[in-house]
Amino acid sequence: MRNGKVWWPWLAVLAAVVGVLVLAWVTFTPLTDNGGLQVSANRAQLTGGFVLAAAVPLVLALRWARQRSRELVAAAVPGPEVVARAKELLAGLVAEQWEDEARRRSLDDPYPIPVRWRTPAPDAHTPAVMDHPDLIDPTTASTGRVWWTASSNHIAALSVRFRRTRRGRLVILGKAGTGKTTLAIQLLLDLLATRTTGEPVPVLLPVAGWDTEQFPRLHDWVADRLARDYPALRSPDLSTGAAHALTGRGHVLPVLDGLDELPPPAQANVISALNRSLGGDDQLILTSRTTEFTTAITAAGDVVNSAAVLEPLPLSPAAAADYLTHCLPPSPGPAWEQTLTALRTTPPTDLTPLQQVPPGPAGALARVTATPLGLWLLRTVYTAPGTTPTDLTDPALFPTPAALQAALFDRLIPALITTREPRKDSAEPFRPRHRHDPCDTRRWLGYLAHHLINQTDSSGGQEGGQETRDFAWWRLAATTRAMTLTTQLALTVTITLSLALMWGLMTGFVDWVENRYFEEKDQFLGGFPLGILGLAFGLLAGAYFGSQVRLWARETPGYADLRIRNRPAGLFRPLVKYCAIGLTTALACWLAQPTEDGTYESSLLVIVAWYGLIFGATAWLLKIPNWATTPVSSTLTVAPIDSWRADRNLNLLRITICALAGGLCFWPTAVLLAALAGDLDTWGALTWSAQTLLLALTCGLTVGVAGRHRAWWAYLIATRKLARAGRLPPQLMPFLDDCHRLGLLRAVGPIYQFRHAELQDHLAATYQAPP
């Protein structure tokens, strides 16, 4: 290795070229020693198959070498112009992603819920959660105290206050359902909309995905997530180190959501890692539940350096009634008028436990609507046509706020499915693509919620028994133990026997046709039975690739963009290049083979020219996956359903390309040689077509279980097993995409989360496993 490049694969390329020339000599020798075109045709079928068989590991080695070289070259420092382009590209992608997500969550419909926020008042009985005032806001040096007030309905004022801080760091605290993540999203969008050229790009990331042992520095983990979640940053238009340059030079503002979702030891480790990672100009926004954050900073022995802290105040009953009024029609009816009047006359309440009943005529309703979660539930369930709110203030039906909130959770899924009709041809983000049964939806989401809270990782990951809010589809096989040792062994045996059978059948069929129907028997390899040779090769290949099954559950998603628009040159330019190389090589071979009288046979020119074109087309086919896996700067953000489709497309593309290459590698050459020999008839065409199909299936199956990024196969196995058990639908990702459209889930990059943690807890607690 020199200058960051791996050289040994090119020695393998040289060896492969020599091997191809030897096989070509074996194929065309009968043309010069009176062996006949038929013998050459038979040998062309075999040599083509073996050339492709040798090309599979060679292509894998070259891909690994190229990836390794890119990783080593990534250390090169991108120039200022590249970093500026990458920064603007990231800003546009993040804005598009979260503007769409904000519309799905109805954050501005009819207007943001007016949650009031303030810095926590000093309390002698609890530890301080903020740093020294002069390190947070230089304007407080005279007063010696940081005192902020803000409202979710006036986010621009909070953005201005955030920019005036010394280092741009903020911690958003609160109890469950109080709107912490919503405030972070609102602040992110406003900072993006009013961002100047020199300001960093805010990017929201679930902090539960940060492994401080693997990534001790925050910047390294953020760069890794940016490269995965935003494939456009890996496009050839930008440097391979663009993501690292953005984070390392302070061009990214991490918005870390959900510190409380980590186990307590990991929470303290994150606080310590943040303080070690943040430099003088590094900005940060962090969200967490108040109790967990207090415990974390106590265990870490320090607060987040130079970070202001905000915590919410409960919504007053009057503010909740005003918000519900604007969500209803201008004339909602006497039932709603009576309910809203009862809510307005209830005295304000704090965030008391849900088991306690606040005083007032609508005490339970006032306590539930004191949080954005309760307002969202009430709006979703009771503002639909045909519903009446008369029971909301009935203490006999809902004696406590907990009973009312549980009833709202129970009615949420049927209400959303009823009010949002599916439209397959509609681009509306609120419309699901399919209609689902509410009972099935409740059961499937209940299992998913239960699984996320109680999951254990069988592939060596870190989730062992850890509660999480993140669902990554490529981790399903590992965390549900679908890829058990028995399953892995069965798959290994199946792959080994299938490859052995296919290779043995293909080579044996060629040998049988030659010896049964042709008078000139070609003693290829000394007459060794080709079926035995193919069987042995298939056993070796199957044993190797089958042993890789155990790694499927650990694979990360791959990327494949099959859209030709705006990049046809990258797809078709290699075809012209490789065909030109093939024709040039064929012409050189023809000129090097004169007859005894010094002339040249025109029929041989046709043969070698055709062989050169086939070589060029085959080489082009094998390059298509490289074209598909190269992101472009116009690539959109990867939503969970897009990430799943990209990995599925990559796996299916590899199978299809190798199958086409397997058929194209020898079939046209064999048919042309037989046609020139005058032996091509209907039976011959059918025979070679059958051989082509066998080889295509064999090569496709071989490549289907080889290479990197096989997460889709593990997902497929896991979903089929769980669907048979009645725990999940067979088409899991389309179902989750519909749940996202309904508003039951939210998407953060390529992962799904439940809309609210309390919704996940309720579904998990009420989940009943099928018999």
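The following conversation asks what lies behind the terms used for this predicted model.

Visitor: What kind of model is this, and how are its residues numbered?
Guide: This is a predicted model, in which local features need pLDDT of at least 70 and side-chain atom pairs count only at pLDDT 80 or more, while totals for chains, interfaces and linings use all residues. Residues are numbered from 1 along each chain as its sequence is written, and side-chain values use heavy atoms, with hydrogens and water left out.

Visitor: How many helices and strands does the protein have?
Guide: There are 27 helices and nine strands, where a helix is a DSSP run (H or I) of at least four residues and a strand a run (E) of at least two, numbered from the N terminus.

Visitor: What makes Ser306 count as buried?
Guide: Buried means under 20% relative accessible area, exposed over 50% and partly exposed in between, with a 1.4 Å probe and protein chains only; Ser306 has a relative accessible area of 2%, and is therefore buried. Ser306 lies in the loop between α10 (290-300) and β7 (308-312), and has a positive phi of about 60 degrees although it is not a glycine.

Visitor: Why is Ser106 called buried as well?
Guide: Its relative accessibility is 19%, so Ser106 counts as buried. Ser106 sits in the loop between α3 and β1, with a positive phi of about 55 degrees although it is not a glycine. Pro110 is also found in the loop between α3 (80-104) and β1 (116-118), and a cis peptide bond with an omega of about -5 degrees joins Asp109 to Pro110. As background, most residues other than glycine have a negative phi, and most peptide bonds are trans.

Visitor: What makes β2 and β4 the edge strands of the sheet?
Guide: The open sheet has seven strands in the order β2-β1-β7-β3-β6-β5-β4, with mixed pairing, and strands pair if DSSP finds at least two bridges between them. The strands β2 (149-151) and β4 (201-206) each pair on one side only, and are the edge strands. From one strand to the next, the twist averages 20 degrees.

Visitor: How do you know that β1 and β7 pair?
Guide: Two bridges join β1 to β7, which run antiparallel, and this meets the requirement of at least two bridges. Within this part of the sheet, Trp117 stands opposite Pro312 in β7.

Visitor: Why are α15 and α27 called roughly perpendicular?
Guide: The axes of α15 (residues 401-419) and α27 (residues 757-765) come within 11 Å and cross at roughly 85 degrees. Angles under 35 degrees count as roughly parallel, over 145 as roughly antiparallel, 65 to 115 as roughly perpendicular and the rest as oblique, and α15 and α27 are therefore roughly perpendicular to each other. Such axes are lines fitted to C-alpha atoms, for helices over the stretch in contact, with angles from 0 to 180 degrees between N-to-C directions.

Visitor: Which residues of α15 and α27 meet?
Guide: With contact meaning heavy atoms within 4.5 Å, Ala406, Phe409, Asp410, Leu412 and Ile413 in α15 meet Glu758, Leu759, His762 and Leu763 in α27.

Visitor: How do you know that α27 is largely enclosed by the rest of the structure?
Guide: Seven of the nine residues of α27 are buried, so the helix is largely enclosed; the buried residues are Ala757, Glu758, Leu759, Gln760, His762, Leu763 and Ala764. What covers them includes β6 (284-289), α14 (372-382), α15, α16 (438-454) and β9 (751-754).
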